[in-house]
Structures are given as structure tokens and as C-alpha cells.
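Thanks for coming. Please have the model open.

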Amino acid sequence: MKRRWFIASTVAVALATVGLTTACGGDQTAGGGDAGGTLTMATSADYPPYEFIETAGGTEEIVGFDIDIARHIATELGYELEITNMDFNGLIPALQAGRADFVMAGMTPTEERRQNVDFSEVYYEARQTIVFPTGGGITSPADLEGKTVGVQLGSIQEGLGQDLAETVPGMTLQSLNRINEIIQELNSGRIDAAIIEDTVAEGFLANNPNLEAVEIPEEGPAGSAIAFPRGSELVEDFNRVLAEMESSGLMEELIVRWFGDGAQ
């Protein structure tokens with residue numbers, strides 16, 4: 001796998017301890033606030049290694065690459081961090097409704113999304129793959145002809161799948177809320193293949209040796225960025241900290257931690 005990441009400016013993230021669910025509880029209100037307050041981050045914690053639920057000692061905690069970045073940024077900016085977990089297709093509506101200050105979920109800043117929310121600079125760039133049962137003989141998107149392909153609802157992969165379905169005869173999509181649901185459908189034979197980001201697919205392939213993947217040639221927008229409500233004053237501060245993380249080597253450390261030193 002080739003890893004390509006870049007940041008044009010900086011963002012800071014907080015190392016606060018976060019719970020599994022909680023949104024803007026009590027008297028807190030999402031939408032920013034004075035430093036020293038709490039920022040609410042919305043995510044979809046089914047996307048390892050970006051964000052996923054870890055169970056240890058009888059407790060559940062959301063951890064991952066995005067979580068470490070968000071914690072560091074919040075700390076640098078003087079905020080506490082609160083994380084709320086929801087389905088991916090509900091993330092942008094949560095920003096628009098003022099239920100979150102920002103979203104981190106391996107989200108690609110497409111032009112369609114830019115019409116509804118603001119984005120930070122891209123902080124990590126990965127590739128898209130087709131995941132399928134071993135021996136399925138899929139070598140390119142053209143081999144998806146006549147097949148049912150799973151994608152995550154509201155994701156960049158769903159958009160990519162829709163584009164492919166317009167040119168690949170007989171290809172149909174099945175959109176599901178979570179990646180683990182897609183893998184279950186694939187293992188059960190109810191779908192023939194799935195479109196999943198390479199770094200996320202690697203973890204599922206390691207746990208499902210009956211599956212393999214092939215890379216999709218890159219076209220259109222790529223990479224992950226942080227989403228904010230339109231006009232958010234946080235964008236500039238987050239970009240500044242992201243740039244500092246790049247120049248200090250911290251971003252590289254987190255990439256190696258979560259993706260491995262072979263992710264390049």
C-alpha cells in the first residue's frame with residue numbers, strides 16, 4: 001500500500017479522556033465557545049484504524065488515528081473534548097443542526113460536501129479498494145459486472161460505487177450503515193464485493209483470510225479532512241495545529257502508530 005499525506009496548514013487536538021456516546025449534554029452547546037470549554041466531535045466509530053470501539057476491562061472507549069489527532073488539537077487549543085458516535089450518514093446533518101462542533105471520520109472533502117460544510121486541509125490520503133472472496137477473480141472495477149457491491153451509506157465509497165454502476169453493466173449497490181455489516185454480508189454471500197478504503201480494509205482482511213482486495217485506480221477527490229459547520233471560526237485554528245503536527249513529526253508518529261511503518 002502506498003501512503004500519501006499532506007497538510008497545508010495546522011491543527012491542534014486534545015488528549016482528553018472521551019466516553020463512548022455523549023453529545024452536547026447538560027448545559028453545553030455545540031458550535032464552538034470560549035477556550036477552556038468543551039468541543040463536541042461527531043464520528044462513526046466503525047472505521048478502524050481511524051476510529052473504532054475498543055473494549056478493555058469491561059469498558060468501551062472510542063480510539064483510533066482520528067481520535068488521537070482530535071485529542072491533541074483540543075488540548076493545544078485549550079478545550080476539553082467530547083465525542084459522540086453515530087452512523088456516518090448522520091454526521092453532516094449533526095453539524096448543520098448544531099449538535100457537533102466538528103466531524104472526524106476519515107471524511108473526504110468532496111465538492112458536494114463542501115456545499116454544506118467547511119473543511120480543514122487534508123491530513124491523510126489513502127486509496128480505495130474492492131474487497132471480495134478469495135479466488136473471486138476480480139482485478140479491476142470492470143469485473144464487477146453483474147455483481148452486488150456493498151458500500152457504506154453516505155460515504156465517498158458510495159459515491160464511487162454509484163459512478164461505477166453507471167458504466168459497469170449489471171452492477172448494483174447495497175448501501176449499509178457500518179463497515180462490519182458490509183463484511184458480514186460479504187461473508188454470508190449476500191453481496192459479491194465491497195468498496196472500502198485500503199487502510200480500513202487491511203484490518204478486516206487480517207481477520208477474514210477468506211477475503212482479498214484489489215486497488216481501484218484513483219479518480220476525483222481523495223484524502224481525509226476535518227468537517228465544520230459553515231463559517232466556523234475553528235477552521236483556521238485547527239489548520240494551524242495540523243501544520244504544527246506535520247512540522248514537528250507528531251503526525252508521522254501517529255501514522256506509524258495506527259497504519260504501521262509500511263504504510264508508505
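Start with Glu244 and Arg240, whose side chains meet in a salt bridge at 3.5 Å, N to O. Keep in mind that this is a predicted model. Both residues sit in helix α7, 4 residues apart, which is about one turn of the helix.

Staying with α7, look at its neighbour. Helix α7 covers residues 234-248 and helix α8 covers residues 250-259; their axes come within 4 Å and cross at roughly 80°. The two helices are therefore roughly perpendicular to each other. On the α7 side the contact is made by Leu242, Met245, Glu246 and Ser248, and on the α8 side by Leu250, Met251 and Leu254. Sorted by class, that contact has 5 nonpolar residues, 1 polar and 1 charged.

Back to salt bridges. How many does a search of the whole structure find? The count is 9. One of them joins the side chains of Arg178 and Asp46, at 4.0 Å, N to O. Arg178 is in the loop between β10 and α5, while Asp46 is in strand β2, so this pair ties together parts that are 132 residues apart in sequence. Both residues are buried. Asp87 belongs here too: Asp46, Asp87 and Arg178 are linked in a network of salt bridges.

Next is the pair Glu215 and Arg127, with side chains meeting in a salt bridge at 3.4 Å, N to O. Glu215 is in strand β12 and Arg127 in the loop between β7 and β8, so here the parts tied together are 88 residues apart in sequence. Their accessibility can be read off separately. Glu215 has 40% relative accessibility and so counts as partly exposed. Arg127 has 14%, which is under the 20% cut-off, so Arg127 is buried.

Last, the strand that holds Asp46. Strand β2 belongs to an open sheet of 3 strands in the order β2-β3-β4, with antiparallel pairing. Its edge strands are β2, residues 46-47, and β4, residues 59-63, each pairing on one side only. Between β2 and β3, residues 51-56, there are 2 bridges, and those strands run antiparallel. Which residue in β3 is the bridge partner of Asp46? That is Phe52. Helix α1, residues 65-77, lies across β3 and β4 and runs at about 80° to β4.

Notes:
Residues are numbered from 1 along each chain as its sequence is written. This is a predicted model: local features need pLDDT of at least 70, side-chain atom pairs count only at pLDDT 80 or more; totals for chains, interfaces and linings use all residues. Side-chain values use heavy atoms; hydrogens and water are left out. Two strands pair if DSSP finds at least two bridges between them. Contact means heavy atoms within 4.5 Å. Axes are lines fitted to C-alpha atoms, for helices over the stretch in contact, and angles run from 0 to 180 degrees between N-to-C directions. Angles under 35 degrees count as roughly parallel, over 145 as roughly antiparallel, 65 to 115 as roughly perpendicular and the rest as oblique. Ala, Val, Leu, Ile, Met, Phe, Trp, Tyr, Cys and Pro count as nonpolar, Asp, Glu, Lys and Arg as charged, and the others, Gly among them, as polar. Buried means under 20% relative accessible area, exposed over 50%, partly exposed in between (1.4 Å probe, protein chains only).
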